[in-house]
Amino acid sequence: MRIVNCVRGGALLGGAVVLSLFATSCAKGPGMNLPGMLRQVERIPVVFQGTAQARLVIPADASKQEQDGAALLAEYIAKSTAARLDVAKEPAPEDGLVAIHCGATAYVKGLNLDVAKLDPNGYVIAFPDAHHVVLLGAGDTGQEYVAYEFLERYVGVRWLFPGAVGEYVPARPDLTIPAESVRDEPRFQHRLFSGLGKEEKPEHKGEQGQWAKRNRMHDRVKFHHNLWQLILPEQYGKTHPEFFPILKGQRHVPQPASGKTTAQDVNAQCHWQPCFTAPGLVDEAVRNICDYFAKNPQATSYSFGVNDSGGHCECEACTAVDGGRTNALGIRDASTGYYTWCNAVARGVNATYPDKRFGLLAYSGVYNPPPGLRLDEHIVPFNTYDRMKWANAEIQRKGHAATEEWEKAAPVLGWYDYIYGGQFYVAPRVYFHKMAEYLRYGYKHNVRHYYAEAYPSGDWHEGPKLYVLLKLLWDPNRDVDQLLQDWYACAVGPAAAPYLAEYFQLWEEFWTQRSPQTAWFRRNGDQQYLDFGSPGYMEALTRDDLRRCEELLNRAVAAATTDAERARARYFLDGFVARKSEFEDGMPLRDSASTKVVATVVASAFDKDTDGWGNWQRDYAKATFTFDAMTGHVASGALKVDATGSQASPLCFTRQIPVTQGKMYRAAVWIRNENLASDATVSLTIKWKDEKGGWLGVGERSASADAPKPGEWQKLSVCFKVGTGERWSQVRYAMLLLTTDRTDQGSVWFDDFQFEEIEPGP
Ligand SMILES: [Zn+2]
């Protein structure tokens, strides 16, 4: 039996949305036919009126991916059509059923499909004649993906978000597929997010990992901090101390607390790098990496990632090679020595293992490419940055410049992004269109690998963010609006979709238009990622926004027409309502004339002494903290910090003050400065401590002056509530920090500090 039908794409969605998708794609594609002019495409029957018209055929010696793919197809086709297709090993009986070949059957091997030219994640769907459909992956992963592609493309299945509720399987009595071949492969080879898969929390029961796999998240190149494992301190510390760096004039051999380097021994992993000019270090690294590949023949890459937190060798040879420059992040440029070493080690390993690759982190001291040096073709540098910050045009310009500088220095690039979501931000941090824009830019400039610190929350309150991102990593030219419309319509149905769409649009506008205007964003400067520890972004949020969000989600619930649609709409509404107290706790309180002072908790006029205030700076910083009896705001006497010798690191006066949950407070201080660096900041910040004085990761509160005027007294003030939510239950003390930062010159005075309990006005 053959069924011929001239409407394409009908498998995707219900009526109204399909028409609008046609209208969009036809309007955009100049060479496309209008719907009325569609040529007739032959359709192959798979299920007709609930009866199977096809069978799934796997090779006699089927791989795991070929077997699993066929089983998954049978399972989901049955969920959709109620007809279960047989899975048969070849040779399949010749009984008139269409054979859907899952993998390299003898029949498929006889065809010239040329999949070897595709990326191993790629695949082909071919229609050699009316009785055969071929689903063939270019590699094992491609074989897995071709089953997902079949289900998405023809059956209309969507894995919207993790878990049973997030799965969309449309019910259909008939399933026919257009006999048009498909040949596809990912544009970004490495597509990985942290917080999913291996790192998933046990309470998610592997659902997040399964979701990510079906949306084609894929790990390919190792690049994380790794040199501490390559040159183990306990192995070489005694025999080859010269492999370890000279820091502040002394040889530094890291001493792991346990005597042995383990993942827990942070001391052995951070604050040092090997001495890259040490004789014999290249050979030893080559030997160790070749050993690794001999023991792990499946591994395709090895990480050259530097250890965390700097610690580059200051010996004469290293200093001479690196040339005494400062890099774009304002720190010592250690790129030349490091990348020269990387090239030598790559060539050494590739002499034995020619196809192995080496990922690394282009950040911190090795952020910039080495002048005049091109990286070996097997090396993939991952450039680190939170590219949502590219919402600011000047930051984007610098980011483009850094990318293009690297493009000249390396044959292929990786990007390391910080897209931190639900575990770190109360508000859904979505910026779909910005993501698409920067991925398209990156692809154009030879970025082929992408990694992001994502850490999604269990309530998946960022909705389609990771879904859309994975689709864009497969093909950055996908139409974002179409992807979103499809996601919303599948999730809550066409009638409720506009409300869910408006909800996420509100957040997208918030993050890309409003948050860049906040002091929180501006204070972040050139830093790699935004300060998720502070709810300062909520300065741009209004209570009307929150009311509107809840209203939109309620409307989505009301407009949903099936149980599944309602369950998904409710899932997002419940998630939002559960976060309400966190929004309440994080939103800034407005200070106004009607604010009433209930009690003054601490008032420091600094007329006679420092009034119990302490101070803090990093151990390498050498700034001076004093009590200045001669200068003052109203009366003489103030705290003074002289930033000379600080190396532009944070300099803080500190004081601990007891607080009570649910109460509201105002902290204020007067500041004055002289001769600070142009991008210096002076701030009043509140962090939190528990009963025993331990720091708590609850969002800090702050007020800051970005470019304080020299010589004039100016007031910093912030009103806030000590939250009552679970996250706040341990809070006993507010830790007040009067901080001067990003300057290595000049002085700042602080005076007339007040900490009051308040009742805000209307
Ligand atoms: Zn050295």
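Mentor: Start with a cut-off: a residue counts as buried when its relative accessible area is under 20%. By that rule C275 is buried, and C315 is buried as well. Keep in mind that this is a predicted model.

Both cysteines belong to the zinc site. The protein donors of the zinc ion are the SG atoms of C275, C313, C315 and C318, lying 2.3 Å from it. The angles among the four donor atoms run from 104 to 114 degrees, and the site is tetrahedral. For reference, the ideal angle for four tetrahedral donors is 109.5 degrees. Along the sequence the donor residues follow the spacing C-x37-C-x1-C-x2-C. C275 sits in the loop between α8 (266-269) and α9 (281-295), while C315 sits in the loop between β16 (301-303) and α10 (316-322), so this pair ties together parts that are 40 residues apart in sequence.

Now the sheet. It is open, has six strands with mixed pairing, and its order is β5-β4-β6-β8-β7-β12. The edges are β5 (87-89) and β12 (182-184); each has a single partner strand, so one side of each lacks a neighbour in the sheet. On average, neighbouring strands are turned by 25 degrees against each other, direction ignored.

The side chains of E149 and R216 meet at 2.7 Å, N to O. E149 is in α4 and R216 is in the loop between α5 (207-214) and α6 (227-230), so the pair links distant parts of the chain, 67 residues apart. Both E149 and R216 are buried. They also join E152, R153 and K471 in a network of salt bridges. The structure holds 43 salt bridges.

E394 and R397 meet in a salt bridge at 2.8 Å, N to O. They are three residues apart in helix α12 (residues 393-409), so about one helical turn separates them. E394 is partly exposed at 39% relative accessibility. R397 is partly exposed too, at 49%.

Methods:
Residues are numbered from 1 along each chain as its sequence is written. This is a predicted model: local features need pLDDT of at least 70, side-chain atom pairs count only at pLDDT 80 or more; totals for chains, interfaces and linings use all residues. Side-chain values use heavy atoms; hydrogens and water are left out. Two strands pair if DSSP finds at least two bridges between them. Helices (H or I, at least four residues) and strands (E, at least two) are DSSP runs, numbered from the N terminus. Axes are lines fitted to C-alpha atoms, for helices over the stretch in contact, and angles run from 0 to 180 degrees between N-to-C directions. Donors are N, O and S atoms within 2.8 Å of the metal (3.2 Å for Na, K and Ca); water is not among the atoms, so sites may look incomplete. Four donors count as tetrahedral if all angles lie between 85 and 135 degrees; four count as square planar and six as octahedral if opposite donors are over 155 degrees apart and all others between 65 and 115; anything else is irregular. Buried means under 20% relative accessible area, exposed over 50%, partly exposed in between (1.4 Å probe, protein chains only). A salt bridge is a side-chain nitrogen of Lys or Arg within 4 Å of a carboxyl oxygen of Asp or Glu.
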